[in-house]
Amino acid sequence: MKNRLKVLRAERDWSQGDLADRLEVSRQSVNAIETGRYDPSLPLAFKIAELFELSIEQIFTSPSRENDQ
Amino acid sequence: MAKNPAVKRYTRRVLILSLIYAALLCGAVYLFVHHLLSGPAAWIAGVLPALPIIGIFVAIGRYLVEETDEYLRDQFVRQALIASGFALSIATAWGFLENFDLVPHVYAYYAAILWFAGLGLGACFNTFQSSRGAA
(Lines give C-alpha, C1' and ligand atoms only; values in the text may rest on other atoms or scores of the structure.)
Protein backbone atom coordinates (compact mmCIF):
# COMPACT_ATOMS: atom_id res chain seq x y z
CA MET A 1 0.00 0.00 0.00
CA LYS A 2 1.44 3.37 -1.06
CA ASN A 3 2.05 5.84 1.74
CA ARG A 4 3.79 9.08 2.73
CA LEU A 5 5.62 7.64 5.69
CA LYS A 6 9.10 8.28 4.32
CA VAL A 7 8.28 11.92 3.53
CA LEU A 8 6.65 12.52 6.91
CA ARG A 9 9.61 10.94 8.64
CA ALA A 10 12.09 13.01 6.65
CA GLU A 11 10.18 16.22 7.49
CA ARG A 12 10.82 15.49 11.15
CA ASP A 13 14.39 14.39 10.51
CA TRP A 14 13.68 10.98 12.02
CA SER A 15 15.55 7.84 11.02
CA GLN A 16 13.66 4.59 10.53
CA GLY A 17 14.95 3.56 13.95
CA ASP A 18 13.59 6.76 15.55
CA LEU A 19 10.16 6.14 14.07
CA ALA A 20 10.30 2.46 15.06
CA ASP A 21 11.05 3.45 18.68
CA ARG A 22 8.14 5.89 18.72
CA LEU A 23 5.78 3.26 17.31
CA GLU A 24 7.25 0.51 19.52
CA VAL A 25 7.90 -1.73 16.51
CA SER A 26 11.05 -3.02 14.82
CA ARG A 27 13.00 -0.99 12.27
CA GLN A 28 12.27 -3.79 9.81
CA SER A 29 8.55 -3.09 10.26
CA VAL A 30 8.99 0.58 9.44
CA ASN A 31 11.06 -0.30 6.39
CA ALA A 32 8.51 -2.86 5.19
CA ILE A 33 5.62 -0.42 5.59
CA GLU A 34 7.49 2.45 3.93
CA THR A 35 8.39 0.35 0.91
CA GLY A 36 4.85 -1.00 0.60
CA ARG A 37 5.88 -4.58 1.28
CA TYR A 38 3.68 -4.79 4.37
CA ASP A 39 0.28 -3.28 5.07
CA PRO A 40 -0.06 -2.43 8.76
CA SER A 41 -3.04 -3.59 10.80
CA LEU A 42 -5.73 -1.02 11.57
CA PRO A 43 -4.47 -0.48 15.16
CA LEU A 44 -0.92 0.17 13.89
CA ALA A 45 -2.22 2.44 11.11
CA PHE A 46 -4.10 4.45 13.77
CA LYS A 47 -0.97 4.60 15.91
CA ILE A 48 1.02 5.95 12.95
CA ALA A 49 -1.71 8.49 12.15
CA GLU A 50 -1.90 9.64 15.77
CA LEU A 51 1.88 10.02 15.95
CA PHE A 52 1.90 12.32 12.91
CA GLU A 53 -1.39 13.97 13.98
CA LEU A 54 -2.96 13.17 10.63
CA SER A 55 -5.79 10.94 9.45
CA ILE A 56 -5.02 7.49 8.07
CA GLU A 57 -6.12 8.65 4.59
CA GLN A 58 -3.57 11.49 4.70
CA ILE A 59 -0.78 8.94 5.15
CA PHE A 60 -1.95 5.84 3.29
CA THR A 61 -3.42 5.69 -0.21
CA SER A 62 -6.40 3.42 -0.61
CA PRO A 63 -5.42 0.62 -3.05
CA SER A 64 -8.64 1.28 -5.02
CA ARG A 65 -7.54 4.89 -5.57
CA GLU A 66 -3.88 4.27 -6.35
CA ASN A 67 -4.57 4.51 -10.11
CA ASP A 68 -6.24 7.92 -9.67
CA GLN A 69 -2.95 9.49 -8.55
CA MET B 1 15.61 -7.00 16.17
CA ALA B 2 18.38 -7.75 18.64
CA LYS B 3 16.67 -6.18 21.67
CA ASN B 4 13.30 -7.79 21.02
CA PRO B 5 12.37 -9.47 24.34
CA ALA B 6 10.17 -12.11 22.64
CA VAL B 7 13.09 -13.16 20.41
CA LYS B 8 15.40 -13.25 23.45
CA ARG B 9 13.00 -15.49 25.37
CA TYR B 10 12.51 -17.75 22.33
CA THR B 11 16.27 -18.07 21.78
CA ARG B 12 16.88 -18.86 25.46
CA ARG B 13 14.12 -21.51 25.49
CA VAL B 14 15.39 -23.18 22.32
CA LEU B 15 18.98 -23.23 23.64
CA ILE B 16 17.94 -24.78 26.96
CA LEU B 17 15.71 -27.34 25.24
CA SER B 18 18.51 -28.22 22.80
CA LEU B 19 20.88 -28.90 25.70
CA ILE B 20 18.24 -31.04 27.42
CA TYR B 21 17.68 -32.90 24.15
CA ALA B 22 21.41 -33.63 23.76
CA ALA B 23 21.62 -34.89 27.34
CA LEU B 24 18.51 -37.09 27.08
CA LEU B 25 19.55 -38.49 23.71
CA CYS B 26 23.02 -39.41 24.97
CA GLY B 27 21.48 -41.00 28.07
CA ALA B 28 18.91 -42.98 26.08
CA VAL B 29 21.49 -44.19 23.54
CA TYR B 30 23.79 -45.33 26.38
CA LEU B 31 21.00 -47.21 28.13
CA PHE B 32 19.81 -48.94 24.96
CA VAL B 33 23.28 -49.76 23.63
CA HIS B 34 24.11 -51.47 26.92
CA HIS B 35 20.70 -53.19 27.08
CA LEU B 36 19.99 -51.75 30.50
CA LEU B 37 16.27 -51.22 29.97
CA SER B 38 13.20 -53.27 29.23
CA GLY B 39 9.43 -53.02 29.57
CA PRO B 40 7.80 -49.71 30.54
CA ALA B 41 11.17 -48.15 31.49
CA ALA B 42 12.38 -48.71 27.92
CA TRP B 43 9.29 -46.97 26.58
CA ILE B 44 9.82 -44.01 28.88
CA ALA B 45 13.53 -43.72 28.07
CA GLY B 46 12.76 -44.16 24.37
CA VAL B 47 10.30 -41.27 24.25
CA LEU B 48 12.29 -38.89 26.50
CA PRO B 49 14.47 -37.40 23.69
CA ALA B 50 11.29 -36.47 21.82
CA LEU B 51 9.99 -34.29 24.66
CA PRO B 52 12.48 -31.38 24.28
CA ILE B 53 11.80 -31.38 20.53
CA ILE B 54 8.08 -31.10 21.27
CA GLY B 55 9.09 -28.36 23.70
CA ILE B 56 10.74 -26.46 20.83
CA PHE B 57 7.43 -26.57 18.94
CA VAL B 58 5.77 -25.15 22.06
CA ALA B 59 8.50 -22.46 22.27
CA ILE B 60 7.74 -21.50 18.67
CA GLY B 61 4.05 -21.23 19.56
CA ARG B 62 4.90 -19.13 22.64
CA TYR B 63 7.03 -16.82 20.47
CA LEU B 64 4.12 -16.24 18.10
CA VAL B 65 1.88 -15.41 21.08
CA GLU B 66 4.46 -13.16 22.79
CA GLU B 67 5.75 -11.31 19.71
CA THR B 68 4.14 -7.86 19.81
CA ASP B 69 5.62 -6.70 16.49
CA GLU B 70 3.00 -7.69 13.93
CA TYR B 71 5.40 -7.56 10.97
CA LEU B 72 7.93 -9.90 12.63
CA ARG B 73 5.07 -12.20 13.62
CA ASP B 74 3.82 -12.19 10.04
CA GLN B 75 7.32 -13.04 8.80
CA PHE B 76 7.66 -15.94 11.23
CA VAL B 77 4.22 -17.32 10.36
CA ARG B 78 5.22 -17.33 6.70
CA GLN B 79 8.49 -19.03 7.62
CA ALA B 80 6.58 -21.73 9.55
CA LEU B 81 4.11 -22.23 6.68
CA ILE B 82 7.00 -22.72 4.25
CA ALA B 83 8.57 -25.19 6.70
CA SER B 84 5.29 -27.11 7.00
CA GLY B 85 4.77 -27.27 3.24
CA PHE B 86 8.37 -28.35 2.69
CA ALA B 87 8.36 -31.08 5.35
CA LEU B 88 4.91 -32.44 4.52
CA SER B 89 5.62 -32.52 0.78
CA ILE B 90 8.85 -34.47 1.17
CA ALA B 91 7.36 -36.78 3.82
CA THR B 92 4.36 -37.53 1.58
CA ALA B 93 6.46 -38.17 -1.53
CA TRP B 94 8.93 -40.29 0.46
CA GLY B 95 6.07 -42.27 1.98
CA PHE B 96 4.77 -43.30 -1.43
CA LEU B 97 8.25 -44.11 -2.74
CA GLU B 98 8.88 -46.19 0.37
CA ASN B 99 5.53 -47.91 -0.07
CA PHE B 100 6.59 -49.03 -3.54
CA ASP B 101 10.00 -50.21 -2.22
CA LEU B 102 11.86 -47.59 -4.25
CA VAL B 103 13.61 -45.91 -1.30
CA PRO B 104 14.77 -47.21 2.09
CA HIS B 105 12.76 -46.74 5.28
CA VAL B 106 13.48 -43.61 7.29
CA TYR B 107 12.45 -42.91 10.89
CA ALA B 108 9.39 -40.71 11.34
CA TYR B 109 11.31 -38.15 13.40
CA TYR B 110 13.01 -37.05 10.18
CA ALA B 111 9.78 -35.11 9.55
CA ALA B 112 10.79 -32.78 12.40
CA ILE B 113 14.31 -32.44 11.00
CA LEU B 114 12.82 -31.57 7.60
CA TRP B 115 10.53 -29.03 9.25
CA PHE B 116 13.46 -27.29 10.97
CA ALA B 117 15.32 -27.29 7.64
CA GLY B 118 12.19 -25.76 6.14
CA LEU B 119 12.36 -22.98 8.73
CA GLY B 120 15.79 -22.16 7.31
CA LEU B 121 14.34 -22.14 3.80
CA GLY B 122 11.56 -19.85 5.01
CA ALA B 123 14.12 -17.49 6.53
CA CYS B 124 15.96 -17.39 3.17
CA PHE B 125 12.67 -16.64 1.40
CA ASN B 126 11.90 -13.81 3.85
CA THR B 127 15.38 -12.34 3.38
CA PHE B 128 14.99 -12.53 -0.39
CA GLN B 129 11.59 -10.84 -0.23
CA SER B 130 12.94 -8.09 2.05
CA SER B 131 15.96 -7.42 -0.15
CA ARG B 132 13.70 -7.00 -3.19
CA GLY B 133 11.89 -4.04 -1.66
CA ALA B 134 14.45 -2.70 0.82
CA ALA B 135 14.84 1.06 0.91
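How are helix 1 of chain B and helix 3 of chain B oriented to each other? In this predicted model, local features require pLDDT of at least 70 and side-chain atom pairs count only at pLDDT 80 or more, whereas totals for chains, interfaces and linings use all residues. Residues are numbered from 1 along each chain as its sequence is written, with chains lettered from A and ligands numbered from 1 in the order in which they are written.

The axes (lines fitted to C-alpha atoms, for helices over the stretch in contact, with angles from 0 to 180 degrees between N-to-C directions) of helix 1 (residues 5-33) and helix 3 (residues 50-66) of chain B come within 9 Å and cross at roughly 175 degrees. The two helices, defined as DSSP runs of H or I of at least four residues and numbered from the N terminus, are therefore roughly antiparallel, a term for angles over 145 degrees. Residues making the contact (C-beta atoms, placed from the backbone, within 7 Å) include Tyr10(B) and Leu17(B) of helix 1 and Ile56(B) and Tyr63(B) of helix 3.

Between the chains, 10 residues of chain B are in contact with 13 residues of chain A. Helix 4 (residues 70-99) of chain B supplies the largest share of the chain B side, four residues.

Beyond its neighbours within four places in sequence, Ile33(A) is in contact with Asn3(A), Leu5(A), Tyr38(A) and Pro40(A).

Key: Contact = placed C-beta atoms within 7 Å. Parallel < 35°, antiparallel > 145°, perpendicular 65-115°, else oblique.
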